[in-house]
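Please read the following report alongside the sequence and the three-dimensional model.

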Amino acid sequence: MKEIYQHYVKTSEINTPIFIKLSHADHNYWYNFKSDSNHKYDKNHYLYNTGSYRLGQMNSELFIRKSITGQYVIVLTSIMAKSILIKERFAYLISLFSPNKKKYDIYFEKFSAGASESAFELFKYAFKMGDSCVYILEKDHPEFQNLKQQYGRALVGKNSFLAFYHIFLARSFQSSDLVGHIQRRLYDNDYLIKKKVLSTDKKIMLQHGPCMATNVFERGYFNRKVPIAPDYMLVNSNFEKNLFLKNTGYTDKELMVTGLPNIDLYVKEQQSEKNQITFMLTWRPWDLTGSIEVGSYLDRYFSFLELIREEKFYKDKKINVILHPKSRIILQEQFPDIYEKYEESFFEGDIKDALLSSKVVISDYSSITFYAFAGGSNIIFYWEDKALAEVEYGAPNILQKEIAFGGIVEKFKDLHSEIVYSYNNPQSPFHIAQFSKLMECTSGHNTKNTYEYIQNIIFENEHNPLEEESAFSISEKQSSAS
């Protein structure tokens, strides 16, 4: 287990496939460790897992699951309080005896950690309409208590009894990211929630961001073979819809061309005062390892921090330096001394607020560029490692020079002059025209249109035979884990 943990520290790999190695005098032979050499895809792979083994000194837990193909995989994840497991099981039992079997629409965002994206906007609209809706949010979110006063019982804390109870009585899951983020933790050996998710045919993904930056399709992000893949996808234009039709198994009926609800927020703020600058690069799992190389993700952040300290242009301006949530966690865990040194320089707060106040947003392959441009910001695409990134992503990005809606910088030395130019000029007509091809739904009515579309889906066939499966017991979970 210590070796597995050290492997994680060195490579940042959360999921490690298990192989059997046979040593021979002139060659080593590697075999996939599978329960059956002829194992074929089965939804039970998603449910299978062992119990968790706690690595106390390393603040981690370890368990084994099966991949889609039946391959055994070691998973390293965060420690979970045993009280969470007790609350989940109790909530499940109570839900079985719910007197009226009232069904709920469950809303949440990435990791259930925020309240600023499309799921929250849609929840607010549904709450106003009097729906049976519940929003799940981490209790340590800075705005949790304020939101609780506004939405009362409709807002519940993640991993609370009420959160689990409503999940087990859900008729739909409407989220800004994959439904797996509703689990107790990101990488989890949960069984009860997974079983519930599998039995629900209204998993609606509102998108964390438009799928038109990197080629997420080549990375299998929307693989319909994955048991908990969304049943319906929201898209922002016919351009994006055609990408899904070409690259996934989704049909025309399963794609909603209604536009991201939270784009409405940015459209309404196009004319508001913008005098800040935001720097936010996207997630780069390939270079967040046990060392910080020149030109790596973290090295670029440190270079930018030095730039804004040296150049007078930035002295009277608010600069938002935003780390991707995953990279912040890894920086804290792997480089605590470095994190402490720069901690005060990193942005704290709602990313939406930073984008809405920014005249210039610098990013690379992140979907935040679409939000920021919709809100009136100038975009700078910092593509110094574009060739490497496309190799690591496994395919060329969708967003290329021909359809880019902002300035492109390929060398760090050119970044400052591009920032100055973008800060002192409005959005160009050319970039506006480019953007309109990719994002058609910018009328300011995306929330209303998306809500009405989903209501038709929910009420078109209220009878869901999948949810009439015989109740599964907790002992079944235990037997599966064993």
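## A loop residue and its surroundings

Leucine 260 lies in the loop between strand 13 (255-257) and helix 9 (263-268), where helices (H or I, at least four residues) and strands (E, at least two) are DSSP runs numbered from the N terminus. Leucine 260 has a relative accessible area of 0% and is therefore buried, a class that means under 20% relative accessible area, with exposed meaning over 50% and partly exposed what falls in between (1.4 Å probe, protein chains only). When residues up to four places away in sequence are left aside, leucine 260 touches Ser118, Leu206, Gln207, Pro210, Leu234, Asn236, Tyr371 and Asn446, a contact being heavy atoms within 4.5 Å. Between leucine 260 and lysine 352 there are 92 residues in sequence and 14 Å in space, taken C-alpha to C-alpha.

## Basis of the model

This is a predicted model, in which local features need pLDDT of at least 70 and side-chain atom pairs count only at pLDDT 80 or more, while totals for chains, interfaces and linings use all residues. Residues are numbered from 1 along each chain as its sequence is written, and side-chain values use heavy atoms, with hydrogens and water left out.

## The chain as a whole

The chain has 19 helices and 18 strands. Its radius of gyration is 23 Å, close to the 23 Å that the globule rule gives for 482 residues, so the chain is as compact as a globular protein of that length; the radius is taken over C-alpha atoms, and the rule is 2.2 Å times the number of residues to the power 0.38. Along the principal axes, the C-alpha atoms fill a box of roughly 70 × 65 × 45 Å.

Of the 482 residues, 54% count as buried, and among contacts with a separation of 6 or more, 72% come from residues 24 or more positions apart. The chain exposes about 22,600 Å², of which carbon and sulfur atoms supply 52%, the areas coming from the Shrake-Rupley method with a 1.4 Å probe, and for residues only the protein chains shown count as cover. The mean positions of the 57 positive and 59 negative charges are 4 Å apart; Lys and Arg count as positive and Asp and Glu as negative, while His and the chain ends are not counted, and each charge is placed at NZ of Lys, CZ of Arg, CG of Asp or CD of Glu.

## Parallel strands with buried residues

In a regular strand the side chains alternate between the two faces of the sheet. Both faces of strand 14 (residues 276-279) are covered, with Gln276 and Thr278 buried on one side and Ile277 and Phe279 buried on the other. Strand 14 runs parallel to strand 16 (residues 358-363), to which four bridges join it, and parallel to strand 15 (residues 319-321), to which three bridges join it; two strands pair if DSSP finds at least two bridges between them. Isoleucine 277 stands opposite valine 360 in strand 16 and opposite isoleucine 319 in strand 15, while threonine 278 stands opposite valine 361 in strand 16.

Strand 16 is itself mostly covered, six of its six residues being buried. Strand 16 also pairs in the parallel sense with strand 17 (residues 378-382), over four bridges, and there the bridge partner of serine 363 is phenylalanine 381 in strand 17.

Glutamate 240 lies in helix 8 (residues 238-247) and, at 0% relative accessibility, counts as buried. Not counting residues up to four places away in sequence, glutamate 240 touches Gln207, Pro210, Cys211, Met212 and Val235. Gln207 and Pro210 are also among the residues that leucine 260 touches. Glutamate 240 and lysine 352 are 112 residues apart in sequence and 23 Å apart in space, C-alpha to C-alpha.

Threonine 447 has its place in helix 18 (residues 446-460) and is buried, with a relative accessible area of 11%. With residues up to four places away in sequence again not counted, threonine 447 touches Glu121, Leu122, Tyr125, Pro261 and Asp264.

## Loop residues with positive phi

Phenylalanine 111, which is not a glycine, has a positive phi near 65°; this residue lies in the loop between strand 7 (104-108) and helix 4 (118-128), and at 18% relative accessibility it counts as buried. Asparagine 159 likewise has a positive phi, of about 65°, although it is not a glycine. Asparagine 159 is found in the loop between strand 9 (155-157) and helix 6 (161-168), and is buried at a relative accessible area of 12%.
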